[in-house]
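Dear colleague,

Please find the structure below, handed over for your use. A summary of the findings comes after it.

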Amino acid sequence: MVSLPILNRIPVSAAFGQIFPTPKRWAIGPPTTWVHRSIGHVELTGAVGLGYNQGMTHIPLYGTTHPAQTGAAREQVPKRSLLELTQEEMTDYVKSLGQPAYRARQIWDWIYKRYAADFASMTNLPAALRARLDAEATVSPLTPIAEVVSADRNTQKVLFQLPDGQSIEAVLMLYERRRTLCISSQAGCGMGCTFCATAQGGLARNLTAGEIVAQVLYFARYLATPHAPPAMEVDRPTHVTNIVLMGMGEPMHNYKNVWTALRRLTDPEAFGLGARHITLSTVGLIPMIDRMAEEGLQIGLAVSLHAPNDEIRSQLVPINRRYPVAELLAAVQRYIEKTHRRVTFEYALMRGINDSPELALELAQKLKPLLCHVNVIPLNPIPDSPYQPTSDTETRRFVQILNENGVPATVRLRRGIEINAGCGQLRRAMAA
Ligand code: SAH
């Protein structure tokens with residue numbers, strides 16, 4: 001399915017037997033469950049959902065700690081990723097291969113304008129150069145190893161393996177007009193939020209700028225491929241219109257690489273997406289919020305607040321002990337004064353924890369002076385966690401109190417719950 005070259009569909013059990021050392025049985029039986037040789041692809045139909053709640057996710061190990069399991073990870077010396085290079089560095093590189101400088105521009109455009117997945121498709125390069133590049137470099141540093149599509153086909157999540165065997169997730173969401181991509185900034189996360197699936201595995205490492213950009217190029221390629229079978233029932237979009245850094249990791253904990261990637265993604269000479277179409281979500285690292293205010297790029301800022309006071313927030317978001325609510329809100333105020341941009345606060349409602357009308361009022365009082373909007377998110381429950389989502393009625397009441405007290409708030413759609421598209425959830429399910 002989708003844009004992958006291998007079209008032989010084979011039953012899950014047979015495929016995993018070949019790829020993975022310890023295949024496990026799927027709880028969702030054929031014919032709805034299939035996988036590719038190169039990518040575990042699960043198609044969900046009808047009422048079949050995939051999630052911890054249904055107890056149906058039994059996908060074999062994709063070891064974040066077993067890099068020897070796939071071809072990509074077996075390579076002793078990883079190929080040089082050209083996605084890490086600036087235009088100048090690309091020029092130096094092609095010159096070092098004895099090539100004229102204009103070849104750098106050609107390769108650059110193949111990568112960022114035409115989303116080439118390999119050198120073989122760069123048809124205006126001499127064959128010998130393509131072979132040489134192929135031997136020592138890559139433009140696809142991510143290997144897709146599993147993919148899940150929601151029953152309505154509007155949400156699609158891919159688990160990628162990195163060259164060192166780590167794995168990350170990215171999610172494509174199709175709306176009426178937007179095609180929003182949620183990408184990761186780190187393999188794992190070190191922030192330890194107690195309700196988050198990614199936090200449970202800890203931080204493995206920062207992603208490189210190229211690995212961040214590669215997630216976008218992968219989906220841009222998918223959306224632009226004319227012969228790719230449509231995975232969704234809505235009109236097939238052809239480009240990525242919005243990007244949110246709300247996948248795995250804390251983007252401000254990997255500040256330098258994230259901003260190198262953001263500059264590449266917004267550079268008209270490279271990927272060229274308008275900065276206003278990109279949102280960076282942070283747990284609230286105050287010094288980095290101040291730094292972002294100086295960047296001069298109109299990237300949107302979202303802050304994961306989840307509670308109006310330190311007593312509750314420190315339980316949910318441990319970094320709050322270092323950067324408490326009052327200081328965080330003061331930093332957001334500085335950011336707004338500097339950039340004149342509206343900030344989004346994310347607030348995941350957890351039953352009996354942070355969802356009372358009193359807390360809604362406290363939140364409204366603290367946020368009212370700020371140019372902001374609150375995204376109320378129904379909690380996506382994760383296993384081994386005491387937190388449960390708030391009921392729809394209570395959720396509506398919480399939002400209403402915010403609105404009535406002068407703070408614009410909306411409920412964010414539960415996209416991807418059934419496909420474990422919540423932060424870090426697919427990776428965890430895969431390792432279960
Ligand atoms: N580290 C960044 C971005 C990644 S998480 C941050 O903290 O903002 C993206 C958003 O998903 C954050 O608001 C995070 O708090 C939220 N989130 C994590 N786990 C969740 C869950 N189980 N249910 C609902 N939202 C969750």
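The model is predicted: local features need pLDDT of at least 70, side-chain atom pairs count only at pLDDT 80 or more, and totals for chains, interfaces and linings use all residues. Residues are numbered from 1 along each chain as its sequence is written.

The protein comprises 14 helices and 17 strands, taken as DSSP runs numbered from the N terminus (helices H or I, at least four residues; strands E, at least two). Of its 432 residues, 46% are buried, that is, with 20 or more other C-beta atoms, placed from the backbone, within 10 Å of their own.

The largest nonpolar core has 111 residues; such a core is a set of buried Ala, Val, Leu, Ile, Met, Phe, Trp, Tyr and Cys residues joined through C-beta atoms within 7 Å. Helix α7 supplies its largest share, 11 residues. Domain 1 (82-138) and domain 2 (143-430) both contribute to this core, so it lies between them; the bounds come from an automatic or database domain assignment. Because 14 of the 16 residues of α7 are buried, this helix is largely enclosed by the rest of the structure.

The ligand is surrounded by 18 residues (C-beta atom, placed from the backbone, within 6 Å of it). The closest are Cys196, Ser281, Ser304, Glu346 and Asn380. Strands β13 (278-282) and β15 (343-349) each give two or more residues to this shell.

Yours sincerely

How values were computed: A residue is buried if 20 or more other C-beta atoms lie within 10 Å of its own, exposed if 12 or fewer, and partly exposed in between; C-beta atoms are placed from the backbone.
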